[in-house]
Amino acid sequence: MTTSATHSPGGRAGSLWREVTQHGLLWPSVALVVLLLACGVKSPGFLDVTLRDDHLYGQLVDLLRNSATPLLLALGMCLVIATGGIDLSVGAVMAMSLAVSLTYLDGAADPSSPVTVATALALGLGLGAVAGAFNGFMVAALGIQPFIATMILMVAGRGIAMLITEGQITTVTSPPFKSLGSGFVLGIPTPVVIAVAVFVLVTLAVRRTALGMFLESIGINREASRLAGVKARSTTWTVYVIAGLLAGLAGIVYGAPTMAADANNIGLLKELDAIMVVVLGGTRLDGGRFHLGGLVVGALLLSALERAVIIFELPSQTTPLFKAVVLIAVCVAASPYLRGRLRTPRPGARGAQRPVEVAA
Amino acid sequence: MSRPASLRTRLAALVGVGAVLALGACSSSGGADAGSDGGSGGDLIRVGFSQLGAESGWRTANTESVKASLTEENGFDLNFVDAQQKQENQIKALRDFVAQDVDVIAFSPVIETGWDEVLQEIKDSGIPVVLVDRTVDTSVEDPFVTWIGADFEQEGRTAGEWVAENAPDAKVFELQGTLGSGAQVDREKGFNDVVGDQVIGKASGNFTRAEGRTAVEAALQAYPEMNLIFTHNDDMGLGAIEAIEAAGKVPGEDIQIVSVDGVRDGLQALVDKKFNFVVECNPVFGDQLAELIRKVVDGEDVPETTVVEDKSFDQTITQADVDARPY
């Protein structure tokens, strides 16, 4: 990060202060911590995590579990956004994948056998990948604008899910499948384990290989990167497939605890949540640089906001307003304008004071 | 193929005539002009039914019930159109019905507003309208002859009365449906009219299992003293069971659950003693609708509103009752 500060009154402490305030994740993280602490004050015990029946239990654990779905969606969305695209279909893909998995289980002779569950899982993920490949085809091969291209599945996908479930809410009983959403691995909720594993995999894939750089270069200038030898088309295609696959996984993880394929409601408006998480995480919508670490903070903040409304005993009518207020605050605080103001503190006034606090 | 069918049609028509005569005999005043404007004498009653969509198991059961009741055997020629939850589809269907000059138009409007023009057209054509399940907000005068559906407010009140009687000291958490929907507003009002002062907190679960679960997880923390959940539908209640069990409590005992709907999964939870009381929201009112349409065609006086009979169930329900549930 290049800083062109003219004043550096605090020496090392000053540069630390600068680094902290310039970090894109500062304000989302601050909001998250403040929110959680406020919940803890309002409702004692909120921050407690206990061991119950050999697994972790507590509001924070629930929060982590509920963050898994938005995180999975946002991971795919972030890669797509890095290439300068967007994927509006992820919510509908969630519904499709869950529908095909549960419908298969419903028709299977023994819904609880491991093979059946594995097949159901593979079908769901496969359908997600196919949906992603379709999006990728529209965007990369046909050159349709991503917003429009993915809107097709956003609308049609729910219809396809309805076709799969024949308009019914398909419910099945299959403990192994259910445990994908509500089970525990070594005391940690399975969705959290899945989300962390996927996060690590994606991070390694984009940061330990050149893929991440390719994505950013495509997002910044597709034509220039193509001329420089980046396979823009196949790379773009790949990220849509990844986004579709992760959306399918998110749908299964989200729907598994209740085992009900509700084609109308599963994943409804989740694409907007995913975009919000990406933006909260400090990635700009116009492509180029992206921050995977920020997604974790963004997903946690989103879940914490929804939970805080109930903890603060606010009526549910105010949930959107409450979300909006926090988001506006975070976005304004992280805006280039205010960050610019923080970068060059007025001489003597704040720059000299604050570093002491940070260092203390 | 055609011969037996036409024979059956005639038989059905005869049965229809018989039914009309019987009804005419029962009603003292309305019988006079029944023959003139009905046209039901020789033919089947031609009904155009526009269903709003198939958004839930409840709606599907409702559709099946309507189709099963408005059959040729019962004296109806049903033209059933699914609007797939789009108003424009529904308006188009209604216009088609006018063009076909059906005897009666029945429909469940997707939303309340935006019907002025098409309702005026129907009115000008002289076809009577029967509203099903939902209602409209329109400037057209006398837009429909009658309405049939469930009384959500009564459902809420029935649930409230059970709580008042069986759990008068319970601390109630209310799990609301999608905010602003008729079912949420009216069930909440009915319930709160009876036991409003027992309600310590409310949150919306958007009528879905997953969000019902999330809301109850948080509510368990925010309202540790709660020991009864009133949920606006079964699905959210089923999500609540998940959350309660995850918290190491026993649904139905530590935290009682009172629900509205009575879908099979909900009744199963009742048999499993995880729900305590379920107020039915009965979708199977095709036969009542058929009766109503016959009366409308015969020009009989019909009540402005017909409330579908809702039953309610407690834990005395048996597995056989659940298995017999069609939806």
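The model I worked from is predicted.

**Chain A against chain B**

I looked up the contact between the chains and found 27 residues from chain A and 27 residues from chain B in it.

**Helix H13 of chain A**

I followed H13(A) from its first C-alpha to its last: its 20 residues reach 29 Å, close to the 28 Å expected at 1.5 Å a residue. For burial, I found H13(A) mostly covered, with 19 of its 20 residues buried. Just after H13(A), I noted a positive phi of about 60° at Glu313(A).

**Arg207(A)**

I placed Arg207(A) in helix H8 (residues 190-207) of chain A. I list Arg207(A) as exposed because it has 12 C-beta neighbours inside 10 Å, and the cut-off for exposed is 12 or fewer. I also checked Arg207(A) against Leu292(A): the two are 85 residues apart in sequence, and their C-alpha atoms are 9.8 Å apart in space.

**Domains of chain B**

I read the domain assignment of chain B, which gives domain 1 as 2-150 + 283-310 and domain 2 as 152-281. Between them, I found five residues of domain 1 in contact with eight residues of domain 2. The domain 1 side of this contact in chain B divides into two nonpolar, one polar and two charged residues.

Notes. Residues numbered from 1 in each chain as written. Chains lettered and ligands numbered in written order. Predicted model: local features only at pLDDT ≥ 70, side-chain atom pairs only at ≥ 80, totals over all residues. Domains from an automatic or database assignment. Contact = placed C-beta atoms within 7 Å. Nonpolar A, V, L, I, M, F, W, Y, C, P; charged D, E, K, R; others polar. Helix = DSSP H or I, 4+ residues; strand = E, 2+ residues; numbered from the N terminus. Expected span 1.5 Å × (residues − 1).
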